[in-house]
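Dear colleague,

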Amino acid sequence: MQTESSSKAARRQIADDFKRRTVPRGIFAIRCAATGETWVGSSPNLDACRNSLWFQLRGGLSRHRTLQAAWKLHGEDAFALDVVERLDDETPELLLNDMMNERKKTWASSMKADAL
């Protein structure tokens, strides 16, 4: 049986572990199987970006008109999100946005895709 102090220590350890975790960040591609269209984006949290994007698209809330139009026409089942590049966890926060934008443009150009 745990004592109160050991359960507090366990909760504190869980909170500390959560704070120290690293989230994958990088570049992703959304592909429409029905049309072959591709959109490229970047995210500071690749684990969460699909849920966020799909939520916006389901609700008709995406600010990316061509992606939203294709989603409306072909439906959710026609779309897939793939991570195309993970950025180094050691990338300084001050450089992260610039690096993600640069890599997103490079990938969009090489894939002949629209950048999100």
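The axes of α2 and helix α3 (residues 65-74) come within 10 Å of each other and cross at roughly 70°, where axes are lines fitted to C-alpha atoms, for helices over the stretch in contact, and angles run from 0 to 180 degrees between N-to-C directions. That makes α2 roughly perpendicular to α3, a label used for angles of 65 to 115 degrees. The crossing is right-handed, which is the term used if the near helix is turned clockwise from the far one by less than a right angle. Trp-54, Gln-56, Leu-57 and Arg-58 in α2 meet Leu-67, Gln-68 and Trp-71 in α3, and contact here stands for heavy atoms within 4.5 Å. The residues of this contact divide into 4 nonpolar, 2 polar and 1 charged.

Before you read on, please note that this is a predicted model, in which local features need pLDDT of at least 70, side-chain atom pairs count only at pLDDT 80 or more, and totals for chains, interfaces and linings use all residues. Residues are numbered from 1 along each chain as its sequence is written, and side-chain values use heavy atoms, with hydrogens and water left out.

Leu-57 deserves a separate look, and it is found in helix α2, which covers residues 46-58. Is Leu-57 buried or exposed? With a relative accessibility of 2%, Leu-57 counts as buried, a word that means under 20% relative accessible area, whereas exposed means over 50%, with a 1.4 Å probe and protein chains only. Leaving aside its neighbours within four places in sequence, Leu-57 is in contact with Ser-62, Leu-67, Gln-68 and Trp-71. Leu-57 and Gly-75 lie 18 residues apart in sequence, and their C-alpha atoms are 9.7 Å apart in space.

Lys-112 is found in the loop between α4 (93-111) and β4 (114-115), and this residue has a positive phi of about 55° although it is not a glycine. Lys-112 is exposed, with a relative accessible area of 76%.

Of the 116 residues, 32% count as buried.

Conventions: Helices (H or I, at least four residues) and strands (E, at least two) are DSSP runs, numbered from the N terminus. Angles under 35 degrees count as roughly parallel, over 145 as roughly antiparallel, 65 to 115 as roughly perpendicular and the rest as oblique. Ala, Val, Leu, Ile, Met, Phe, Trp, Tyr, Cys and Pro count as nonpolar, Asp, Glu, Lys and Arg as charged, and the others, Gly among them, as polar.
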